[in-house]
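Hello,

Here is the structure we talked about handing over. Please have a look, then read my notes below.

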Amino acid sequence: MSGSIGRETARVDGPAKVTGAARYSAEFPLPGLAHAQIVGARVAAGRTTSIDTAAAERADGVAAVLTHRDLPGVADVPLVPSLMGGPAPGETFFPMQDDAVHYAGQPIAIVVADTLEQAQHAATLVRAEYAETPSVTTIEQGRRDAYEPEKIFGGFMPAQLHRGDVEEGMAAADVRVDAAFRFAANHHNALEMLTTTAVWDGDRLTLHDSCQGIKAVQLTVAALLGLSPSRVRVLTRFVGGAFGSKAMVWPHVALTALAARHVRRPVRLVVTRGQMFTSCGHREEQEQRVRLGARRDGALTAIRHHKISLTSPFDDWAEPAFGAASQLYASPAFEGVHRLVRGNTMTPTFTRGPGEAAGVFSLECAMDELACELAVDPVDLRLRNLAEVDPNTGHPWSSGGLAECLRLGAERFGWAGRDPAPGARREGNQLVGTGMAAAAYPVAFFMRTQRARARLYSDGTAVVSTAAQEFGTGMTTVLTQVAADGLGVDLRDARLDFGDTDLPTAGSPVGSNGAMMVSAAVHNAATALRDQLIAMAVVDPDSPLHGAHPADVTATGGRLSLPGGAGEGYRDLMERHRLNDAEAIGSWDPPPLDTPYGLLTFGAQFAEVAVDADLGLVRVRRMTGVFAPGRVLNPMTARSQLMGGMLWGMSQALLEGTRMDTGLGRWANASLGDYLVPVNADAPDVDVALIEVDDPVTGPLGVKGVGEIGQVGSAAAIANAVHHATGHRVRELPVTVEHLLPHLPAPAAARSGTG
C-alpha cells in the first residue's frame with residue numbers, strides 16, 4: 001500500500017481555489033445567458049387576489065414574468081427516507097401552482113431578464129394584492145393544537161421512543177432534575193447562496209447547481225418535470241458551504257429549469273441573501289424538557305426527554321431530539337416524545353448537527369445540573385453512567401471511545417483541580433468558568449449502493465471517478481488519498497474526477513456519511529483494479545511475479561512486489577501487454593438498517609469562558625475537543641472540520657437566533673447584519689485531538705465521519721461554563737446579556753458607592 005491514508009495532506013483543491021480556477025455554479029459563462037429573480041409573498045397566510053406584472057414586463061431587458069397563471073404544473077414528489085437513492089425535495093409543497101400563500105417569502109413570481117440588475121429591478125415592479133388570513137408562526141401561537149406525529153425528520157425516524165418504565169425509574173430516584181430549554185430558530189447562511197443555472201438542449205436539461213447531492217437533484221427535478229433521469233445532467237464540482245441547507249432540493253431549482261424552458265435560453269438564478277431565510281429550510285424554533293432521575297451514587301434510573309417544535313403546513317418535520325441522547329447513558333428507562341405545531345413557515349431541514357446539536361445540549365446541561373445536585377464531578381458522573389452496549393437495543397457498539405475521549409479531554413484541558421463552586425474564580429472584572437459535555441452523533445446507513453470507477457494509464461497515473469462534489473469539507477483530498485492508497489501509487493500520480501451525474505453514482509454526503517460511503521466505493525474500485533493487474537502479472541511468464549500467490553503481492557509507489565523485493569512497475573506490466581489503460585468499477589452496499597450494532601461516533605467537549613461582570617458579555621477563551629471517529633483518513637482535514645464544528649457550537653450557544661415578527665409573520669432579522677455569526681475575533685484557542693478506534697462495521701476502511709460531531713456538545717460545554725462562572729443557569733439559546741445581567745454582581749461603581 002502507498003500509505004496515503006492517515007497522512008496529513010494539504011488540500012488538493014487548494015491551488016484551484018486560491019487562484020480562482022475553481023468554478024462555482026454561478027461562474028460558468030454561457031451564450032445568451034439570462035438571469036432570474038424570485039418575487040416572494042409579503043404575507044404569511046392567505047392567497048394572492050391579483051399579481052400585476054405589466055410594469056415589470058415593460059422594463060428594459062425583461063424576457064418573461066411567470067406566475068401561477070402561466071407556470072406549468074409539476075408532479076407531486078413526496079419526502080422519502082433516502083437522500084441517497086431517490087428524489088429528495090425539501091418540502092412536499094411546490095410554489096406557484098395556485099394562488100395559495102403558506103409562508104412569507106414563498107415564491108409567487110419569477111422574473112427573467114438579460115442582466116441580473118435588470119431582473120432585480122423588474123422584480124420590484126411586480127405588484128401583488130392579498131386576501132390575508134391569520135397566521136401561526138411561533139410555538140406559543142399554536143401550542144393548543146400541538147400533535148404527536150407518527151414519524152419525523154422527513155420520515156427517517158419514529159416520533160417516540162420508549163424503553164423500561166420511566167415512572168418506576170423516577171420513583172426509585174434519590175435525586176431528580178427537571179429542566180426546560182428553549183431554542184431560537186437557526187438559519188444556515190453559507191457563503192455561497194443557492195445558485196442554479198439551467199440549460200436546455202431540446203428535451204435534455206443540464207443544471208449547474210449549488211447542492212450537496214447532484215444525484216438527488218437529478219432525480220428530484222426529473223420527477224417534478226416528468227422527465228427521465230437520463231435526460232437530466234447535473235454538474236457541481238465546488239460548493240461554497242452548505243451546512244445542510246443544500247442537502248435537500250428546494251423549489252428554486254425546478255423553477256429555474258421551467259423559466260429556462262419558457263424563454264428558450266439558459267437562465268441563472270442566484271437567491272438573494274435575504275431570500276436565504278425563506279428558501280432552504282432552517283433549524284426550527286423548539287422547546288425541550290429533560291427530566292433525570294438518579295440514585296445518590298449518580299447512577300441514572302430514568303430519563304424523560306420531550307420536545308415541541310414548529311413545522312410547516314405540509315410536512316411532519318422535526319429534528320430528532322433524542323437520537324444520540326437516548327444512547328449516551330445506561331439509564332434503564334427512557335421516554336422520548338416529539339410534538340409538532342403546524343405553522344406558516346417552510347419545512348425545516350437538516351441544520352449543522354441536526355437534532356443532536358440541540359438534543360444533546362438539553363441532556364448534557366441537565367447532566368451538569370445533576371452533577372451539581374449530587375456534588376459529583378461532571379466528568380466522573382458521565383463515566384459512571386457510560387453505556388457498555390446500546391441501551392435501546394442491547395447490541396454492542398460497532399466501536400466505542402467515549403471513556404477515552406472524556407479522560408483525554410480532561411487531561412488536555414487541565415480539568416483536574418477545578419473548583420466546582422460557581423462564581424469562585426474571578427480575574428479582575430471577568431468571571432471565569434469551565435464546563436464540559438459528552439458528545440455523540442449517529443452513524444446512519446440510510447444510503448444505497450455507492451459506485452466509483454478507477455482507471456490506470458500506462459504512464460503510471462490514475463484517475464478515479466465518482467459523482468460526489470466538494471463543498472468545503474476536503475472530500476476531494478481524502479478521496480484522492482484513498483484512491484492512491486488502494487492502487488498503490490504515489491499521491492501525486494492520482495487524480496479525482498467528480499461532480500457530474502454522468503460519473504458513477506455517489507449519494508449525498510450528509511449526516512457525516514460522506515467520507516464513510518464514498519471512500520468505501522473509491523477504495524473498492526481502486527483495490528479491484530490493483531487486484532486485476534496483480535492477477536495479470538502472476539500468470540505472465542515474462543513477469544518477475546510469475547507464479548506468485550496474489551495475496552503475497554503488494555503495491556506501493558506504482559510498483560507490484562513480493563516480500564523479497566522482486567517485482568515490476570505498473571508501467572512495465574501494461575506496456576508489455578499493450579494496454580494504454582485499465583479500469584475497474586467498485587461499489588459498496590451499506591449494512592442494513594437493522595444491523596445488530598450500536599452506531600455512534602463519540603467525543604467530549606471542554607470550554608472556558610469569561611463573563612464581564614458589568615456588561616454580561618461572554619467570551620469563550622479556549623476549547624478542547626477529543627473525538628473517536630473510527631479511522632482517520634487525513635488528520636489535517638479532520639481537525640479542520642472538527643474545529644469548524646466546535647466554533648459553530650460556540651455560535652449556536654452565544655450568537656445565532658432568528659426571531660419572528662408575529663405581527664407580520666416574517667423573520668425580523670433576515671440579514672447577516674442582524675443574524676449574528678462568529679468572526680475571527682470571536683474565535684478562541686481551539687485544541688482538537690483524535691482517538692482512532694477500529695470499526696469493522698462501517699465499511700472497508702472503518703471510517704465513521706467528523707462532519708457533525710464537532711458541534712455536538714460544544715454549546716453545552718459553553719453553557720455549563722457560563723453557569724460555573726456566574727452561578728446562573730441559562731436554559732435558552734443563544735445565551736445573551738439580557739439573560740445574564742439581572743443575575744450578575746452589582747457593577748464595581750455601585751459596590752463602591754461612586755458613579
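**A buried threonine**

Thr 698 is buried, with a relative accessible area of 1%. Keep in mind that this is a predicted model. Thr 698 sits in the loop between strand S31 (685–690) and H15. A polar atom of the Thr 698 side chain lies 3.0 Å from the backbone oxygen of Val 703. Setting aside neighbours within four places in sequence, Thr 698 is in contact with Ser 398, Val 443, Phe 445, Met 516, Trp 588, Val 703 and Lys 704.

**Helices H14 and H15**

The axes of H14 (residues 635–654) and H15 (residues 714–726) come within 7 Å and cross at roughly 50°. H14 is therefore oblique to H15. The crossing is right-handed. On the H14 side, the contact is made by Met 646, Gly 649, Met 650, Gln 652, Ala 653 and Leu 654. H15 supplies Ser 714, Ala 715 and Ile 718. Of these contact residues, 6 are nonpolar, 3 are polar and none is charged.

**A leucine in H12**

Leu 529 is in helix H12 (residues 514–538). Is Leu 529 buried or exposed? Leu 529 counts as buried, because its relative accessibility is 0%, and the cut-off for buried is under 20%. Not counting residues up to four places away in sequence, Leu 529 touches Ala 454, Arg 455, Leu 456, Leu 487, Ala 582, Glu 583 and Ala 584. Leu 374 is 155 residues from Leu 529 along the chain, and their C-alpha atoms are separated by 59 Å.

Best wishes

How values were computed
Residues numbered from 1 in each chain as written. Predicted model: local features only at pLDDT ≥ 70, side-chain atom pairs only at ≥ 80, totals over all residues. Heavy atoms only, no water. Axes fitted to C-alpha atoms, helices over the stretch in contact; angles between N-to-C directions. Helix = DSSP H or I, 4+ residues; strand = E, 2+ residues; numbered from the N terminus. Parallel < 35°, antiparallel > 145°, perpendicular 65-115°, else oblique. Left-handed = near helix turned anticlockwise from the far one by under 90°. Contact = heavy atoms within 4.5 Å. Nonpolar A, V, L, I, M, F, W, Y, C, P; charged D, E, K, R; others polar. Buried < 20%, exposed > 50% of the residue type's maximum accessible area, 1.4 Å probe, protein only. Polar contact = N/O pair within 3.5 Å; in protein donor to acceptor, adjacent residues only side chain to side chain.
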